[in-house]
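Work through the exercises below with the sequence and the model in view, trying each task before reading its solution.

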Number of protein chains: 2
Amino acid sequence: MKEVVLGLLGLGNIGGGVWDLVREFGGEVEKRTGVKLRIKKALVLDVKIHGGKEVPDEVLTTDKNDILEDPEIQIVCEFLGGEQPAASMMLRALENGKSVVTANKMALSLHFDELRAMAGKTGAGLYYEASVGGAIPIINAIQSPLIANHIEQMMGIVNGTTNYILTRMTAEGAEYEDVLKDAQRLGLAEPDPTADVEGYDAAYKLSIAGSLAFHSRVKVENVYREGITKVSAEDIAFGREMGYVLKLLAIGKDNGDSIEARVHPVFLPADHPLARVDGSLNAVYLYGHSFKDMMLEGRGAGDAPTASAIVGDIIQAAQNAAHPMPYLREDPLPVADDWHSKYFIRMKAKDAPGVLAEVTGLLGGEGISISTMMQKGAAPDGKATLIFITHEASEKAVQRALKSMNPEICVVENVIRVEE
Amino acid sequence: MKEVVLGLLGLGNIGGGVWDLVREFGGEVEKRTGVKLRIKKALVLDVKIHGGKEVPDEVLTTDKNDILEDPEIQIVCEFLGGEQPAASMMLRALENGKSVVTANKMALSLHFDELRAMAGKTGAGLYYEASVGGAIPIINAIQSPLIANHIEQMMGIVNGTTNYILTRMTAEGAEYEDVLKDAQRLGLAEPDPTADVEGYDAAYKLSIAGSLAFHSRVKVENVYREGITKVSAEDIAFGREMGYVLKLLAIGKDNGDSIEARVHPVFLPADHPLARVDGSLNAVYLYGHSFKDMMLEGRGAGDAPTASAIVGDIIQAAQNAAHPMPYLREDPLPVADDWHSKYFIRMKAKDAPGVLAEVTGLLGGEGISISTMMQKGAAPDGKATLIFITHEASEKAVQRALKSMNPEICVVENVIRVEE
């Protein structure tokens, strides 16, 4: 039996979940793994406020140094969230030779290189299964059982809030703003929902998982990012008529000489495995040259599922004699600023002869050919709704073609990429 | 860099897949992990027959001792299939301190205790990710990232042949025998399909994964097993009318004081995540007290996906300083011979007054209440088809009630369990 001494930075939802899991299930974990977990200290803002958990007074502290500088503490678990002071505290813990376990995708994504370098220098471990997909063991899978693969593609539903909103918009034909308000009322979206609905959260996660899957650093600032705020009930309804389901995806592709890394709404065929991953569920679809297609699906958030991943990491950190660092190429592949996709284009056009010819002519001029076209009868304003699904085309060509359209004749209302 | 010397027992489909993966991707694996893989010897029946692979003469051998007794070989990969001589060879390798990697669910399930004991004695490792679910990292997940969970339920589609047959029966309304013949013609079912269609293969896999998930040894002889040979197109069609999809599932449940372990056809609600796992895909659905619901889906067979899991295991065996053995209770929980489920019961009954009352009376007498009943008009023989879906009932009670029915009045044609 081996006792491992832990310090928790934060005792909010996730920290409290870890506290509960260790208290209630620590004995069983010890039987299974030979590792006895002891939480020595937990950093809180106020020792009087700790989420109603019955935590002994001597465990609580408001001084980070009681954790970061205590030589007895071997593993530091960071639950503060946000970039700072989380990143600096993790860096200090690693510097002091303590392994770090975190669920903080923002601090990790933004400071990945320094944290990795420090861990490498001191031989401490850096574990972050919970940072992408919550309880889903995606970080472990791509680093260990799936290591003998050239992972060509990764497509994930990695943000529960946006998946919940899109699922309800789809089921109810409701508009984004209305569902968002309801989700906020239910505590399923933050009062300031920007990080989720604008795709920042998904982009951090893609930056982390993509770096590992493609063994090439994907910085978050190079991830193309577009949220769900422009999606309308009309888009979803038209897509559905054409057999598509709308999801916010984090997409990574290894094209050999470049990496695609993009977060944006996507129309998926209704029979795609990701299409029926609804509500607050998360899922990651992978394609590897050897394992072929795979999908891992589960709870991407919540106290208990996140604590499940955290304690799994703690046990790994405790059991590993050496802490393996993921291999990343020294010359990272560039992140592509253009890519090929199919496109759903919704526009309002003047209902007049020659308009369709002009629109399709502009698309054709950029090498974009149409696979499906749908026209919905003219509205009272004399404008008709046109929906195009294109064949595979270049992103840049599509943007150029749409920019060149005369707004007097047609107004592009939304463009949504289609993956198959 | 660390060179690891491998011996392969067998160079057929899976062995050949590993040969190819190591040859083509070994350099990349070395970069990623620091482990250089060298295949020193491969055991074949005839050095002239090795699946068309270009294997140097000095690698091929027909003498198992060239592998099992060579002190330079550190890891033995077993691809012989079947119980013997595979089990004895694995035991000998472990005895000689060599770690063993295998995909052989039969030999592993039947000899799990001796192999584990020998590995524990000599400190060698025993790795078998590929034995359940092929490339899907289920063995790794339940042993490592999900370790801090009481896994309450595991339901898997773990046999590709039967899933292929059921998927085609469902899509085409075809009968079992016809689809089986076609699957045999296409090489998707064995000339003797017993191991797959009678559920033996799935039972071996459940015995292995269940032992690990519930930390209590589940012997294959205690797994209730029923194959798909009695399933008719009519069952599938009636089930579909009621919103169900038919799958052959391996089900494990931890009831606290006993384990359920059973392989049989199951009707699942059409919106269950396993219901749309079609063709030769495999998937395992898990429920853990902390991670909640999760599903892992991918390729359960095939040379390349299996090789993916094998090489993942080899790397783990090479990197682990100590080889952790899964914890199993010393006093295994009993495997339940009764359980609760809903039931789909199809019977042919005399189309006469009082018959329905008698049938429902017999069911009611055993405490079985009906949730849905469907009667299909009398056939030319004056018999009507009755379909019942029961509420949750005890397996034994259902079997007793059905046994007590008067065959003059009604004949039970099939009973299929319904899980939700």
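**Exercise 1.** Find which residues of helix 7 of chain B meet which residues of helix 8 of chain B, and describe how the two axes cross.

*Solution.* Begin with the contact, in which Thr161(B), Tyr164(B), Ile165(B), Arg168(B) and Met169(B) of helix 7 face Tyr176(B), Val179(B), Leu180(B) and Ala183(B) of helix 8; two residues are in contact if their C-beta atoms, placed from the backbone, lie within 7 Å. These residues divide into 7 nonpolar, 1 polar and 1 charged. The model is predicted, local features need pLDDT of at least 70, side-chain atom pairs count only at pLDDT 80 or more, and totals for chains, interfaces and linings use all residues. Residues are numbered from 1 along each chain as its sequence is written, while chains are lettered from A and ligands numbered from 1 in the order in which they are written.

Next, take the axes: those of helix 7 (residues 160-172) and helix 8 (residues 176-185) of chain B come within 9 Å and cross at roughly 125°. That makes helix 7 of chain B oblique to helix 8 of chain B, since angles under 35 degrees count as roughly parallel, over 145 as roughly antiparallel, 65 to 115 as roughly perpendicular and the rest as oblique. The crossing of helix 7 and helix 8 of chain B is right-handed.

**Exercise 2.** Decide whether Asn163(B) is buried or exposed, and list its contacts beyond its neighbours within four places in sequence.

*Solution.* First locate Asn163(B), which lies in helix 7 of chain B. Asn163(B) is buried because 25 other C-beta atoms lie within 10 Å, the cut-offs being 20 or more for buried, 12 or fewer for exposed, and partly exposed in between. Leaving aside neighbours within four places in sequence, Asn163(B) is in contact with Ile157(B), Lys247(B), Leu248(B), Gly279(B), Ser280(B) and Leu281(B).

**Exercise 3.** Describe how helix 3 of chain A packs against helix 5 of chain A.

*Solution.* The axes of helix 3 (residues 86-95) and helix 5 (residues 112-122) of chain A come within 8 Å and cross at roughly 15°, which makes helix 3 of chain A roughly parallel to helix 5 of chain A. Their contact is made by Met90(A), Leu91(A), Leu94(A) and Glu95(A) of helix 3 and by Glu114(A), Leu115(A), Met118(A), Ala119(A) and Thr122(A) of helix 5. By class, the residues of this contact divide into 6 nonpolar, 1 polar and 2 charged. The crossing of helix 3 and helix 5 of chain A is left-handed.

Conventions:
Axes are lines fitted to C-alpha atoms, for helices over the stretch in contact, and angles run from 0 to 180 degrees between N-to-C directions. Helices (H or I, at least four residues) and strands (E, at least two) are DSSP runs, numbered from the N terminus. A crossing is left-handed if the near helix is turned anticlockwise from the far one by less than a right angle, and right-handed if clockwise. Ala, Val, Leu, Ile, Met, Phe, Trp, Tyr, Cys and Pro count as nonpolar, Asp, Glu, Lys and Arg as charged, and the others, Gly among them, as polar.
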